[in-house]
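Please keep the sequence and the structure in view while reading.

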Amino acid sequence: MSVILISTGPEPEHSAPGHPERPDRVAAILDHIAGQEDLSSLPRLDPTEADGAAIELVHTSAHAGAVRAMAQRGGGWFDGDTFCGPGSHAAALRSAGAALAAVDAVCDGRSDHAFSISRPPGHHATAGTAMGFCIFNNVAIAARHAQLRGRKRIAIIDIDVHHGNGTEEIFWDDPSVLYTSLHQYPLYPGTGHASAHGGPGALGLNINVPLPSGTSGDEWLDRFEGSVVPAVIAFEPELVLVSAGFDAHAADPLATLQLTASTYAALASRVRDLCAEAGSGSAWVLEGGYDLDALGESVAASLRGLVNGGGDPTPG
Ligand SMILES: [Zn+2]
């Protein structure tokens with residue numbers, strides 16, 4: 001299967017001293033890939049900034065304006081976790097643009113799968129609020145963009161260790177988008193109970209799989225297979241989007257699940273199979289992941305799962 005990479009680069013102008021959501025995250029991924037013979041030659045695509053119309057496919061004009069205004073006055077904090085520097089508005093537009101480019105790469109037939117290695121992340125951002133290190137909800141914007149490109153049924157598979165409250169809220173009552181999330185629970189942001197199934201217009205199309213601290217990679221994959229896979233197959237998605245956080249890795253400092261790089265390879269292989277069955281493709285959008293070594297290894301493992309499938313994790 002073909003895979004294309006899209007990255008804005010580390011975005012050093014979007015940073016705050018000591019903050020875990022830092023430029024080194026993307027640098028670590030790109031450096032790790034560069035050192036892997038089988039991955040360093042994957043095709044690349046340079047993204048462009050998302051424009052205001054794309055941002056407002058999901059966000060209120062008030063939120064878009066508030067981000068711009070905060071950056072223009074030198075920055076500040078949206079909440080205790082979520083910083084904004086003078087360059088953060090532009091960085092957030094580029095991160096959203098990279099998600100759009102990933103969708104376009106698949107919709108244009110240039111690749112079966114695409115992976116956006118960009119920051120800031122997005123899945124906590126609601127229509128009207130930045131929160132949880134997230135300014136604009138990249139994966140939600142990508143979903144709406146894909147629908148404009150003619151892919152009407154979108155499945156979002158959120159593998160970040162935190163629940164994607166923003167994405168859930170945006171598509172809560174929307175039958176055209178299936179949202180699934182495996183996440184540690186309880187944990188920030190406190191949402192994601194198994195009983196949250198979706199609004200009246202989309203009952204059953206919001207699937208939360210809360211997992212206790214200490215959950216192993218094998219248990220995680222079992223729950224994915226039992227709860228997410230049947231729903232994705234039944235939904236017959238025309239495009240799969242992956243909210244690709246890697247903070248469920250055992251080494252991550254922000255959570256206590258026990259996934260390994262092998263878990264991500266198996267997950268990616270399964271997504272590859274699901275897409276093949278549905279005749280669709282996938283676009284992956286980086287979310288969290290705060291241990292630099294684990295992040296690089298987990299993204300590489302995911303890429304190998306997409307390229308090679310489950311039977312051949314190392315080519316040659
Ligand atoms: Zn996370």
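Pro189 lies in the loop between β7 (177–184) and β8 (206–211); helices (H or I, at least four residues) and strands (E, at least two) are DSSP runs, numbered from the N terminus. The peptide bond that joins Tyr188 to Pro189 is cis, with omega about 5°. A cis peptide bond also leads from Arg119 to Pro120, with omega near 0°. Pro120 is placed in the loop between β5 and α5.

The model is predicted: local features need pLDDT of at least 70 and side-chain atom pairs count only at pLDDT 80 or more, while totals for chains, interfaces and linings use all residues. Residues are numbered from 1 along each chain as its sequence is written, and side-chain values use heavy atoms, with hydrogens and water left out.

**Backbone angles and exposure**

Phe133 is not a glycine, yet its phi is positive, about 75°. This residue sits in the loop between β5 and α5. With a relative accessibility of 15%, Phe133 counts as buried; buried means under 20% relative accessible area, exposed over 50%, and partly exposed in between (1.4 Å probe, protein chains only). Glu236, also not a glycine, has a positive phi of about 50°. Its place is the loop between α7 and β9 (239–244), and at 53% relative accessibility Glu236 counts as exposed.

Arg73 belongs to the loop between α3 (61–72) and β3 (76–77). The residue is exposed, with a relative accessible area of 60%. Between Arg73 and Val285 there are 212 residues in sequence and 29 Å in space, C-alpha to C-alpha.

**Buried elements**

Which residues of helix α5 are buried? They are Asn138, Val139, Ala140, Ile141, Ala142, Ala143, His145, Ala146 and Gln147. The helix, residues 138–148, is thus described as mostly covered, with nine of its 11 residues buried. After α5 comes Gly150, whose phi is positive, near 100°.

Ile117 is part of strand β5 (residues 113–117) and is buried, with a relative accessible area of 1%. Leaving aside neighbours within four places in sequence, Ile117 is in contact with Leu5, Ile6, Ser7, Thr8, Val26, Ile29, Leu30, Ile33 and Leu286; contact means heavy atoms within 4.5 Å. From His59, 58 residues away along the chain, Ile117 is separated by 22 Å between C-alpha atoms.

**Helix packing**

Two pairs of helices are set out in the table. Axes are lines fitted to C-alpha atoms, for helices over the stretch in contact, and angles run from 0 to 180 degrees between N-to-C directions.

| Helix pair | Angle | Axis distance |
|---|---|---|
| α7 (residues 217–235) and α8 (residues 261–278) | about 15° | 11 Å |
| α8 and α9 (residues 292–308) | about 30° | 7 Å |

The angle makes α7 roughly parallel to α8; angles under 35 degrees count as roughly parallel, over 145 as roughly antiparallel, 65 to 115 as roughly perpendicular and the rest as oblique. Gly217, Trp220, Leu221, Phe224, Glu225, Val229, Val232 and Ile233 of α7 make the contact with Thr263, Ala266, Leu267, Arg270, Leu274 and Glu277 of α8. These residues comprise nine nonpolar, two polar and three charged ones. Here Ala, Val, Leu, Ile, Met, Phe, Trp, Tyr, Cys and Pro count as nonpolar, Asp, Glu, Lys and Arg as charged, and the others, Gly among them, as polar.

Helices α8 and α9 are likewise roughly parallel to each other. In their contact, α8 contributes Ala261, Tyr264, Ala265, Ala268, Ser269 and Arg272, and α9 contributes Glu297, Ser298, Ala301, Ser302, Gly305, Leu306, Val307 and Asn308. The contact of α8 with α9 divides into seven nonpolar, five polar and two charged residues.

**Cysteines**

A disulfide is a covalent bond between the sulfur atoms of two cysteines. How many disulfides does the structure hold? It holds zero disulfides, where a disulfide is counted as a pair of cysteine sulfur atoms within 2.5 Å. The cysteine sulfur closest to that of Cys107 is in Cys275, 12 Å away, which is too far for a bond. Cys107 is buried, with a relative accessible area of 16%. For Cys134, the closest cysteine sulfur is in Cys84, at 14 Å, again too far for a bond. Cys134 is buried, with a relative accessible area of 1%.
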